[in-house]
Amino acid sequence: MPAGGAIVNQRPQIPKGSGVAVARSVDAHHPLRALWVLVLGLVLLLAQAMSASAQATPKSFADLADKISPAVVNITTTTTVESRSGPSPIVPEGSPFEDFFREFNDRNNGNRNGSPRRSQALGSGFVISEDGYIVTNNHVIDGADEIMIEFFSGGELPATVIGTDPNTDIALLKVKGDAALPFVPFGDSDTMRVGDWVVAMGNPLGQGFSVSAGIVSARNRALSGTYDDYIQTDAAINRGNSGGPLFNLDGEVIGVNTAILSPNGGSIGIGFAMSSKVVTKVVEQLKEFGETRRGWLGVRIQDVTSDIAESIGLEKAAGALVTDVPEGPAMVAGMKAGDVITSFDGVEVVDTRGLVRTVGNTKVGKSVRVVVYRDGKTETLKITLGRRENAEGAVPASAPADAPVESDVLGLTVSTITPELSEQLNLSGPNDGLVVTDVAEDSEAFEKNIRTGDIITEAGQQKVKDVGDLDDRIADAREAGRKSILLLVRRAGEPRFVALTLQ
């Protein structure tokens, strides 16, 4: 390059006769313009990336905290607790522990005579309307005699319970104030992505209003409940944060802080907030009815595994396999054990968890179309939903047993049920089918948790009353080219399907 810094268009020297043609530049300054355009484009791209990075990583959460703080509340509950009425510890006079036990007894105010004492607990919540509706966790206010709400401005108001839902751990409270209260809106938790920024606010460990920030670590977490749909976050959540809001950067509530995973009781960056998609539906029902009213289909179900799908000729392992149909809406509509629910009210069923949530969110009394896979083809049933809260605890009845015969098959020893076997194996209630009297520990049946005392009521989606029926079902499956057979197994009245390989 010349000392002046100009870029010279250099042509390669090509030997004559090489067959390579070299295009001659018409304008010697054209490469310089192209370079400037390239540099300018790179600068623009870099500026856009820096702008996006600035938006994704806020310099400060102060403006957001100022915006949301007035709607976040601290909750103090007071509960009457029965004191122990037993004798106080006897400590020898002059013992080094004498002062300790004296102070302990003094603090318990009358524990010696068993009089009740007052216990306080702390939690968090947030205002969702200017007329004083407040959302928190059910476990924060459960059993409380008094509930006091402390506002960010410093004022306090007593609260009454409008309704609770232990299934999602959500409670709706109400306060009466002289003026309209600042409140925060719900956002759409379904739009949150793993890695998005979130802000938690509440009353951790009784320290008062505190803000912490983090990201969405995971979505659609299930802990223990039927309707669980938790957002996992690494924003610091501690005891006392329960019931507080989890915000997106627009100041919308996308979750209610509910639980933490911790070996020591403190935050280790694994917190869970019930998603706003679940909370909003619960709050609407609590506000309208003072209780939840979830749709009820009236079936027991389990997920469809790949071996179960193969055993019944289903193309893919999806849907919800019906294990039992007690008295209820599904029975009235003609649903049967062994049906696979593939669609509910126009929504494809992926697994049992999704179906339970979809049914629960459907209005009680609504007539829905349910598509089931049965005997190699699909059928559509029209079912009017009942109310789950009225139906919980319903248990289907069983039929009487048959005569005794025993056989070894698929690693199982099975027998028809006699009164002697029923007593010996402690079988509860009348039973119809074959009882498992032994399981080979090296068998697939043992690996899939079939145990002595389990009762096989169906094989190949047909009822079995004796070992001959079971042998026939196995022969039919082999003749049809199946690699496995589907068994309906009951234990303590609870049914589940198990697919066993036929080889």
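Which residues gather in a patch of negative charge on the surface? They are Glu406, Asp408, Asp438, Glu441, Asp442 and Glu447. The model is predicted: local features need pLDDT of at least 70, side-chain atom pairs count only at pLDDT 80 or more, and totals for chains, interfaces and linings use all residues. Residues are numbered from 1 along each chain as its sequence is written, and side-chain values use heavy atoms, with hydrogens and water left out.

The patch rests on several conventions. Patch members have over 30% relative accessible area and no salt bridge; like charges are joined within 9 Å, and nonpolar side chains (Val, Leu, Ile, Met, Phe, Trp, Tyr) within 5 Å. Asp and Glu count as negative and Lys and Arg as positive, while His and the chain ends are not counted. The place of a charge is taken as CG of Asp, CD of Glu, NZ of Lys or CZ of Arg. Accessible areas come from the Shrake-Rupley method with a 1.4 Å probe, and for residues only the protein chains shown count as cover. Asp408 is exposed, with a relative accessible area of 61% (exposed means over 50%, buried under 20%, and partly exposed in between, with a 1.4 Å probe and protein chains only).

Leu35 is located in helix α1, which covers residues 30–56, and counts as partly exposed at 38% relative accessibility.

In soluble globular proteins, nonpolar side chains tend to be buried together. The largest nonpolar core here has 24 residues, and Val135 and Phe247 have the most contacts inside it (such a core is a set of buried Ala, Val, Leu, Ile, Met, Phe, Trp, Tyr and Cys residues joined through side-chain atoms within 4.5 Å). Two or more residues each come from α2 (62–68), β3 (133–137), β7 (170–174), β8 (197–202), β12 (253–260), β13 (271–275) and α5 (276–289). Of these elements, α5 gives the most, with five residues.

Side chains of opposite charge can pair when their charged atoms come close. The whole structure holds 16 salt bridges (a side-chain nitrogen of Lys or Arg within 4 Å of a carboxyl oxygen of Asp or Glu). In one of them, Arg387 pairs with Glu291, and the closest N and O atoms are 3.4 Å apart. Arg387 lies in strand β21 (residues 386–387) and Glu291 in the loop between α5 and β14 (295–296), so this pair ties together parts that are 96 residues apart in sequence. Arg387 is buried at 17% relative accessible area, whereas Glu291 is partly exposed at 30%.

Another salt bridge joins Asp307 and Lys448, at 2.4 Å from N to O. Because Asp307 lies in helix α6 (residues 306–312) and Lys448 in the loop between α11 (444–447) and β25 (455–459), the pair ties together parts 141 residues apart in sequence. Both partners are partly exposed: Asp307 has a relative accessible area of 23%, and Lys448 has 24%.

Arg374 and Asp339 also meet in a salt bridge, at 2.7 Å from N to O. Arg374 is in strand β19 (residues 367–374) and Asp339 in the loop between α7 (329–333) and β17, 35 residues apart. Arg374 and Asp339 are both buried. Through shared partners, salt bridges join Asp165, Glu291, Arg293, Arg294, Arg387 and Glu389 into one network.

Backbone geometry supplies a further topic. Most residues other than glycine have a negative phi. Asp345, not a glycine, has a positive phi of about 55 degrees; Asp345 is found in the loop between β17 (340–344) and β18 (347–348) and counts as partly exposed at 29% relative accessibility. Leu410 likewise has a positive phi, near 55 degrees. The loop between β22 and β23 (412–416) contains Leu410, which is partly exposed with a relative accessible area of 22%.

Technical notes
Helices (H or I, at least four residues) and strands (E, at least two) are DSSP runs, numbered from the N terminus.
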